[in-house]
Amino acid sequence: MAVVCELCPRECVIPEGEAGDCRVRVNIDGRLRASTYGRPSAMHIDPMEKKPLYHFHPGSPVFSIATAGCNLHCLNCQNWQLSQRGGEEMEQIYRADPPQLIELAKENGCESIAYTYSDPIVFYEYVRDSSELARQVGLHNIFITAGYINREPLRRLCRVLDATNTDLKAFDDRFYREVNGGTLKPVLDALVTFREEGVWLEVTNLIIPTLNDDLSMIRRMAKWIRDELGEGTPLHFSRFHPQYRMRNLPPTPGETLDRARQEAMNAGLQYVYVGNVLGHVGNSTYCPEDGTLLIGRVGFHITENNLTPDGRCPSCNRPIPGVWQ
Amino acid sequence: MHRWIYHWHRGDSLFIGWVAATLLLVVLYLGSLPGLEGGGGSSGRRIDIEAFKTRLDAGELSGHEALWYHPKEEP
């Protein structure tokens with residue numbers, strides 16, 4: 001019997017012996033199997049800044065995992081060898097059921113687990129069970145996603161999540177359809193849900209030359225973030241590098257990132273960053289009140305942290321939004 | 001232009017036919033690629049089910065039941 005997956009907006013109708021569009025949720029004998037549950041294909045220890053999360057436990061190590069599969073098909077995917085394959089196609093599969101995953105994170109001195117690299121939406125059950133166990137031993141749960149998920153499953157998952165960096169790939173439905181194989185509205189809904197459910201939220205926008213670098217669109221996106229998510233929501237503009245099926249475009253020029261950052265700050269966002277550009281002034285956090293350097297960064301490395309222990313500017317005592325302790 | 005219209009040759013028909021066939025092949029090829037369009041109602045994706053079952057039986061993949069699905073009602 002065919003089944004209908006309700007997890008993401010695709011709502012795939014999956015006949016027996018086939019998978020959803022994500023390649024990893026498979027119908028076996030009329031039951032949908034989460035085939036990569038406890039079977040990650042990538043495990044690394046990353047700094048928090050690599051996620052990127054700049055306002056959540058800065059400088060702490062994060063045990064980061066991913067399984068095969070994804071429910072989007074971005075032409076510029078950075079992890080396509082992982083995300084655009086099913087479990088049966090992977091050379092490397094580790095066995096790490098939730099209790100083992102928690103042990104691995106603790107053994108390696110990590111304070112958090114990040115579900116990342118591909119899109120953890122497609123290994124939802126593994127995230128949920130691992131996150132519940134992680135919570136019990138004081139580990140934080142971080143969800144790095146493109147946010148293409150239905151509202152109710154996300155709302156349930158938010159109960160065990162602590163932070164997310166969610167991609168907002170463009171403020172344009174046509175871009176989502178043509179470049180990512182998705183749609184914009186569910187992603188906006190997901191961002192609002194994270195905010196409503198109290199999960200610490202940062203947003204990343206990868207700027208691709210000629211495709212989503214229009215300043216008027218960036219302005220509209222920044223205003224939407226300001227109005228719907230709050231002016232204190234960190235926004236990361238990230239530099240595109242040609243890869244996978246999008247090798248015909250050049251890397252994003254530095255001036256484009258500078259202009260985007262300025263446009264978003266003009267729209268009222270207070271913490272706007274530039275990523276994938278080493279040593280850029282936009283890597284660091286400044287007080288929106290008096291411009292004091294709060295956290296200096298070079299790449300993923302923190303060069304100085306001047307925040308007070310309770311997350312305030314040392315000069316003007318303004319509270320800086322984030323989860324600092 | 002005038003000469004071309006009024007002095008149609010068999011070779012011209014063959015050329016037009018060749019161009020049309022090429023376009024048809026391109027359209028068929030593009031149509032066979034996995035669709036990028038998002039939205040609801042996607043159909044299933046065929047996988048190498050024998051390879052899948054082999055790795056499932058070996059424990060390299062999991063049979064853990066998923067959440068968030070329901071049987072499709074027959075019409």
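This is a predicted model: local features need pLDDT of at least 70, side-chain atom pairs count only at pLDDT 80 or more; totals for chains, interfaces and linings use all residues.
Residues are numbered from 1 along each chain as its sequence is written, and chains are lettered from A in the order in which they are written. Local features need pLDDT of at least 70, side-chain atom pairs count only at pLDDT 80 or more, totals for chains, interfaces and linings use all residues, and side-chain values use heavy atoms, without hydrogens and water.

**Exercise 1. Describe the contact between chain A and chain B.**

Step 1. Count the residues. Contact means heavy atoms within 4.5 Å. Chain A gives 54 residues and chain B gives 33 residues.

Step 2. Take the area. Buried area is the accessible area (1.4 Å probe) that two parts lose on being put together, summed over both. Here it is about 3,800 Å², with 56% from carbon and sulfur atoms. On the chain A side, E6(A), E88(A) and R177(A) lose the most area to chain B, together 15% of what that side buries.

Step 3. Look for charge pairs. A salt bridge is a side-chain nitrogen of Lys or Arg within 4 Å of a carboxyl oxygen of Asp or Glu. The interface holds three salt bridges.

**Exercise 2. Explain what two salt bridges within chain A tie together.**

Step 1. Start with D97(A) and R39(A). Their closest N and O atoms are 3.4 Å apart. D97(A) lies in the loop between α1 and α2, and R39(A) in the loop between β5 and β6, so the pair ties together parts 58 residues apart in sequence.

Step 2. Check accessibility. Buried means under 20% relative accessible area, exposed over 50%, partly exposed in between (1.4 Å probe, protein chains only). D97(A) is partly exposed at 28%. R39(A) is buried at 12%.

Step 3. The closest N and O atoms are 2.6 Å apart. R219(A) is in helix α7 and E263(A) in helix α8, so this pair ties together parts 44 residues apart in sequence. R219(A) is partly exposed at 33%, while E263(A) is buried at 15%.

Terms used:
Helices (H or I, at least four residues) and strands (E, at least two) are DSSP runs, numbered from the N terminus.
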